[in-house]
Amino acid sequence: MTLPRYKEMWQQAEDVWARTARPVRTLIKVGVATCSRVVGAEETLQVLRSEVHERAFDFEVMLTGCPGLCYAEPLVEVVQPNAPGILYQRVTADKVPSLLQAVAEGGIAQDQQALAVMGDQESGGLPALKSIEFMRGQVRRLMANCGVTDPENIDHYIARGGYEGLVRALGMKPVEVIDELKKSGLWGRGGAAFSTGLKWEFLYNAKRKPKYLICNADEGDPGSFVNRNLMESDPQLLVEGMIIGGYATDADKGFIYIRDEYPLPVERMELAVQQARERGLVGENILGSDFSFELEVVRGAGSYVCGDETGLLSSLEDRRGMPKIKPPFPAQAGVFAMPSNINNVESYTNVPLIMRHGAEWWAEMGSEKHKGTKMFSLSGQVQRVGILEVPLGTPTGEVVMRMGGGPPEGRKLKAVQPGGPLSGVIPASDVDIPLEPDPYRERGVLMGSGGLVILDDTNCIVDLCIYFEWFAEDESCGRCTTCFAGTRRMLEILRRISSGRGRLADLELIKLLGNIAQNANCFHGQGAPTAVMSMFRFFEDELLEHVERKRCPAKVCRGLVRYEVRHHSDRLPAAEAICPTNAVVRDNGAYRIDQLKCIKCDACREQAPYAIAVVDEFATA
Amino acid sequence: MFSQASHNSRLTPVEPVAGSTELLARISELVGGLSPDKVDLLKAFHRIQHEFGYVPREAVPLLAGKFRTTPAIIYGTIDFYSEVRLAPSAETTVEWCSGPACLLKGSLNIRRALEAILDCEMNRTSADGKFGLRLVQCDGTCHLAPLVRHEGRYIGPLTVSESIEWARRLKGEDGRASTQDRGAGAEEEPPEAERLVETE
C-alpha cells in the first residue's frame with residue numbers, strides 16, 4: 001500500500017526537481033539562511049528577482065539553503081544548461097546587475113568573486129568546489145541537500161531520495177527498525193553519546209499511551225549552529241527522521257522544540273511539517289499504512305537549561321523549564337508524565353539515511369568505535385567560519401587548521417573549545433586528537449554538540465573561563481545550591497583573579513567548588529566547572545601568572561592592564577576624539593590618559609597603535 | 001517523584017484584575033483557543049509579546065485563569081525565560097551579542113564603549129528612557145563577530161572605534177542620526193600609516 005503511493009509521489013516530485021537538476025534555461029540559486037540573511041542574502045534575492053523581471057532575462061531564480069560556507073556569504077550559484085554551476089561569493093545586492101550582465105553574455109563574471117565550480121571537476125580556471133580547502137575531506141551526508149535543494153519545497157527533498165527511508169521502515173516491524181539502528185551504532189549527537197537504538201527501545205517497551213517523541217532543537221550552546229543549518233536548509237530530513245522514530249517507538253505525537261533565537265528554522269520547520277501533512281506523510285494513516293503520527297513545532301523562549309532533556313520536558317508542560325530529577329527517566333514518565341524520548345536534531349536526521357541506505361553503508365564512515373559523520377561549526381579565531389561535516393575520528397587539527405584555515409595570519413592557535421560552555425577546552429598541543437568522544441573524555445573534556453570555538457594567543461584563558469562561569473550562573477535554573485550558588489562563587493573568585501586581587505588560596509577554592517558541583521541534579525550544574533578544570537589541567541602557568549605575578553600574558557584582563565601614552569604621534573587627536581569617556585587628555589600639548597576615567601575599551605589604541613600601549617598594571621620592572 | 005510531572009496544581013481560576021477592558025479583551029482574543037496541557041503557554045507568551053512588544057502585567061492573572069494555574073506560576077514562568085519581557089523595550093534598543101566568538105574578538109571592549117556612550121548599563125534603559133542595551137545569546141552568525149544588532153539588522157565585524165562611531169550616530173551626537181549599516185564586505189580604505197612625532 002505504501003509503496004505505490006510513494007512511487008506516485010516520487011514521480012511528481014521528480015518532474016519538479018528536474019527543472020533544477022537539469023535546467024533548460026539559466027538557473028540562479030541564492031542561499032538564504034540565518035547566516036546569509038544577516039549579510040544581505042534576502043536583498044540579493046529580491047534584487048535578482050526584480051532585475052530579471054525588469055530586464056526580461058530568461059533566467060529562473062531559486063531559493064536554496066546554506067552550504068555551510070558562512071565566511072563567503074551571500075552565495076549565488078549560476079547554472080547554465082548542460083554545464084556545472086558556478087558559485088559566486090559575497091554577492092551583495094549592489095553586485096547583482098553586473099553579475100546578471102555577465103551571465104547574460106554567457107561568461108563567468110570576471111569582476112565578481114567566483115569561488116568555485118560545483119562538483120568535482122575544475123573548469124574555466126576555477127577550482128572544483130570539492131577541492132577547495134574548506135570542502136576537501138568533508139563527507140556530506142546530512143548536508144547533502146544543504147545549498148542544493150529549495151528547503152521550502154518538499155518535492156526537491158522527495159526527488160533526491162527523501163522518504164525512501166520511511167517507506168522502507170514502514171515495511172519493517174518497529175523492532176526491526178530499532179535493530180537496524182543498533183546495528184549502525186548511531187549514538188546521540190547532542191553530547192551525551194548514548195545509543196539511539198537503545199533509547200528508542202526503552203520507549204518502545206514502555207506500556208502506557210500516548211507516547212511522545214521529542215526533538216531537542218534548543219541548540220543553546222553559544223558557538224554551535226549545526227542544527228540551525230540543518231533545520232533551515234533541509235527541514236524535511238528532520239521531519240522524516242521524526243516520523244520513522246515515531247513508527248519505531250510506537251509514539252503518537254512528536255514535538256520539535258526550537259530555541260527562540262532561531263526564527264527562520266521555526267518558520268521553515270513549520271512549513272515543512274505542513275507540506276508533509278498535505279502529502280499524507282504526517283497525520284492519520286501515513287502513506288496509507290495504519291500508522292498515525294502528529295508533529296508540532298514548539299518555539300522556546302530563551303532558556304539554556306531547556307536544552308537539558310528534562311528541562312525541555314518541563315518547558316513543554318507550561319512551566320519554568322527546570323530540569324527534573326531522574327529517575328523516573330523520560331521513557332518511563334516524560335512529558336505530561338507519559339513515556340517520552342528526546343533526541344538531538346542530528347540524531348534524528350541520521351535515521352532517514354540509515355533506513356534509506358542501510359546500516360552497513362552508514363557505518364562505512366567514521367572511526368573504529370564511532371560510526372558515521374558529524375557536523376561541526378567553526379567560529380572564533382578562525383579564518384573560515386562555517387559549518388562542515390566530517391567522518392567521526394577526523395583529526396581536530398585537520399578541521400581547525402586546514403579546513404578552517406586556523407587563526408588569522410601571524411597568530412598562534414591556543415586552544416579549542418569543542419562544544420558548548422560546559423565542554424571544557426583542549427590546548428593547541430592536543431589539537432591532533434581525533435574528533436570523537438573518547439579522546440576528549442580522556443582529557444576531561446566533552447565533545448558536546450559540535451560547536452568548535454577557536455582561541456588564539458590574543459585570548460586569555462581566565463577571561464574565557466569568566467565567560468563560561470557567567471553563562472552557567474546566568475542560565476542556572478536555581479534548583480541546586482551547588483549550581484546556582486557554586487557558579488556564582490566561582491565567578492566571583494575568577495573575577496577577583498582577573499582584577500589582580502587573586503590569592504593562592506583561591507585555586508584550592510575553585511577546585512573545591514568544581515568538586516561539589518558534581519552533586520548538582522542535571523548536567524548544567526555538573527558541567528559548569530569543566531572549562532575551569534581544563535584551565536587547571538592545561539593552562540596552570542597562565543593562571544598562576546595572573547594570581548602570583550598579577551599579570552595577564554594576553555593583556556586582556558581589565559584589572560591587570562593599563563593604557564598609557566608611550567610616544568607622541570599624529571594620531572593622538574583621533575584617539576582623543578574617539579574616547580567615549582574623554583580619558584585621553586591633553587596637558588600643555590602632551591597627551592596622557594586619565595586612569596580614573598579610562599574604561600579600557602581599546603578604542604584609542606586602535607586609533608594610535610604606536611603611541612598608545614597596553615602595559616601591565618602591576619608591572620615589575 | 002511522579003508528582004513533578006502532574007505539575008500545575010489545579011486551583012480555582014483567578015479573576016482578572018486591573019487594566020483597561022480593551023487591553024484585556026485583546027489579550028483574551030490573542031490567547032483564545034489555547035488550553036492547558038497542550039504546550040500552549042509558550043505560544044501565548046509569543047503571541048502577546050508579538051502584539052505588544054512585551055507581556056503586560058494584566059496578562060498574568062488572565063493567563064493563570066486560562067491555564068488553570070496561579071498567577072505566581074505564570075509570573076515565575078515569564079521570569080524564567082529571558083526572551084519574555086514584562087516591560088516595554090526602550091525606543092531604541094541595541095542588542096549586544098554575548099557569544100564566545102564575539103567575546104574572543106573583543107566584544108567586551110565594545111560593550112564598555114556602548115555602555116559609556118549610550119549612558120546605559122547592559123539590560124537596562126538609559127535615564128531618559130530613549131536607549132536600551134540588551135544582552136542577546138549567540139545565534140551562530142559568528143562570521144560577523146563581534147557584532148551588535150539593531151532593529152533586526154546585524155552590524156559587524158566591528159572594531160571598537162567603529163562601534164563608537166556607530167553609537168554616536170545612533171545617538172545623533174555626531175551629525176545626523178543614522179543607523180546606516182556598514183555594507184557587508186565593504187572595502188574600506190586602509191588608513192595612512194601612523195607617524196610618530198618626536199617629543200622632547
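Start at Glu164(A). It sits in helix 6 of chain A, residues 164-170. Helices here are DSSP runs of H or I with at least four residues, strands are E runs of at least two, and both are numbered from the N terminus. Glu164(A) counts as partly exposed because it has 17 C-beta neighbours inside 10 Å. The scale is this: buried takes 20 or more other C-beta atoms within 10 Å, exposed takes 12 or fewer, and partly exposed is in between, with C-beta atoms placed from the backbone. Now look across to Pro352(A). The C-alpha atoms of Glu164(A) and Pro352(A) are separated by 7.9 Å, yet the two residues are 188 apart along the chain.

A word on what you are looking at. This is a predicted model, where local features need pLDDT of at least 70 and side-chain atom pairs count only at pLDDT 80 or more, while totals for chains, interfaces and linings use all residues. Residues are numbered from 1 along each chain as its sequence is written, and chains are lettered from A and ligands numbered from 1 in the order in which they are written.

Step back to chain A as a whole. Its secondary structure comes to 24 helices and 19 strands. The C-alpha atoms fill a box of roughly 90 × 65 × 40 Å along the principal axes. Buried residues make up 58% of the 621 residues in chain A. Take contacts in chain A between residues at least 6 apart in sequence: 71% of them join residues at least 24 apart. Contact means that the C-beta atoms, placed from the backbone, lie within 7 Å.

Next, the domains. Chain A is divided into domain 1 (16-131), domain 2 (163-361), domain 3 (373-456), domain 4 (461-548) and domain 5 (558-616). These bounds come from an automatic or database domain assignment. How far apart do the C-alpha centres of domain 2 and domain 5 of chain A lie? They are 55 Å apart.

Now helix 8 of chain A, residues 196-205. Its buried residues are Thr196(A), Gly197(A), Lys199(A), Trp200(A), Glu201(A) and Leu203(A). They pack against helix 7 (174-184), helix 10, strand 9 (340-344) and helix 13 (345-357) of chain A. Follow the chain out of helix 8. Pro210(A) lies in the loop between helix 8 and strand 6 (212-217) of chain A. A cis peptide bond joins Lys209(A) to Pro210(A), with omega about -5°.

On to a helix pair. The axes of helix 9 (residues 226-233) and helix 10 (residues 235-249) of chain A come within 4 Å and cross at roughly 95°. So helix 9 of chain A is roughly perpendicular to helix 10 of chain A. Roughly perpendicular covers 65 to 115 degrees; under 35 is roughly parallel, over 145 roughly antiparallel, and the rest oblique. Axes are lines fitted to C-alpha atoms, for helices over the stretch in contact, with angles from 0 to 180 degrees between N-to-C directions. Leu230(A), Met231(A) and Glu232(A) of helix 9 meet Pro235(A), Leu237(A) and Leu238(A) of helix 10. That contact has five nonpolar residues, no polar and one charged. Nonpolar means Ala, Val, Leu, Ile, Met, Phe, Trp, Tyr, Cys and Pro; charged means Asp, Glu, Lys and Arg; the others, Gly among them, are polar.

Asp250(A) lies in the loop between helix 10 and strand 7 (253-258) of chain A. Its phi is near 65°, positive in a residue other than glycine. Most residues other than glycine have a negative phi, and most peptide bonds are trans. Asp250(A) is partly exposed because 19 other C-beta atoms lie within 10 Å.

Finally, chain B. It is divided into domain 1 (18-80) and domain 2 (92-171), with C-alpha centres separated by 31 Å. A cis peptide bond joins Ala145(B) and Pro146(B), omega about -5°. And the interface? 56 residues of chain B are in contact with 65 residues of chain A. Helix 6 of chain B gives the most to the side that touches chain A, with five residues. That side of chain B divides into 30 nonpolar, 20 polar and six charged residues.

Notes: Two residues are in contact if their C-beta atoms, placed from the backbone, lie within 7 Å.
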